[in-house]
Amino acid sequence: MLFFHRTREKRHGILLDRPLDDPRRCRDCDGACCRAFPSVPLAWEEFLALQALGARRLESSLTGEYRLLIENGCEFLAGGRCAIYPYRPEVCRRFYCEDLAPS
Ligand code: SF4
């Protein structure tokens, strides 16, 4: 289980084994998870795809790690929503905010 903070609000989330695409889960949080972590790990193909989409905050290392830096808010966050939702990285697609889950 992951814990993250936005201002004083505490939220809880988990990383699912596989992506669960359901836009209903991405409502009304103002992109809390897209602001709460330092970076999103990427596969090489995702790095290239985000580069093609104009990402400016990409990071790569000689050890073969690729990341999208999202500290202080992901550059693709627009109006509280992901502007590249159909193309977002797998980690973003696997993240499940438990606070916003339907009961
Ligand atoms: S790519 Fe989209 S879902 Fe992933 S952190 Fe950025 S705005 Fe959020």
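Q: Why is Y87 called partly exposed?
A: Y87 has 14 other C-beta atoms within 10 Å. A residue is buried with 20 or more such atoms within 10 Å of its own C-beta, exposed with 12 or fewer, and partly exposed in between, with C-beta atoms placed from the backbone. So Y87 counts as partly exposed.

By the way, this is a predicted model: local features need pLDDT of at least 70, side-chain atom pairs count only at pLDDT 80 or more, and totals for chains, interfaces and linings use all residues. Residues are numbered from 1 along each chain as its sequence is written.

Q: Where is Y87, and what is it in contact with, leaving aside neighbours within four places in sequence?
A: Y87 is in the loop between β7 (81-82) and α2 (90-94). Helices (H or I, at least four residues) and strands (E, at least two) are DSSP runs, numbered from the N terminus. Y87 is in contact with A49 and L53; contact means C-beta atoms, placed from the backbone, within 7 Å.

Q: How do you know that β3 and β5 pair?
A: Two strands pair if DSSP finds at least two bridges between them. Strand β3 (residues 39-42) and β5 have four, in the antiparallel sense, and L42 stands opposite Y66 in β5.

Q: What joins β4 to β5?
A: Three bridges join β4 (residues 58-60) to β5, and the two run antiparallel. L58 stands opposite L68 in β5. β4 and β5 form a hairpin with five residues between them, and G64 in the turn has a positive phi of about 85 degrees.

Note on methods: Two residues are in contact if their C-beta atoms, placed from the backbone, lie within 7 Å.
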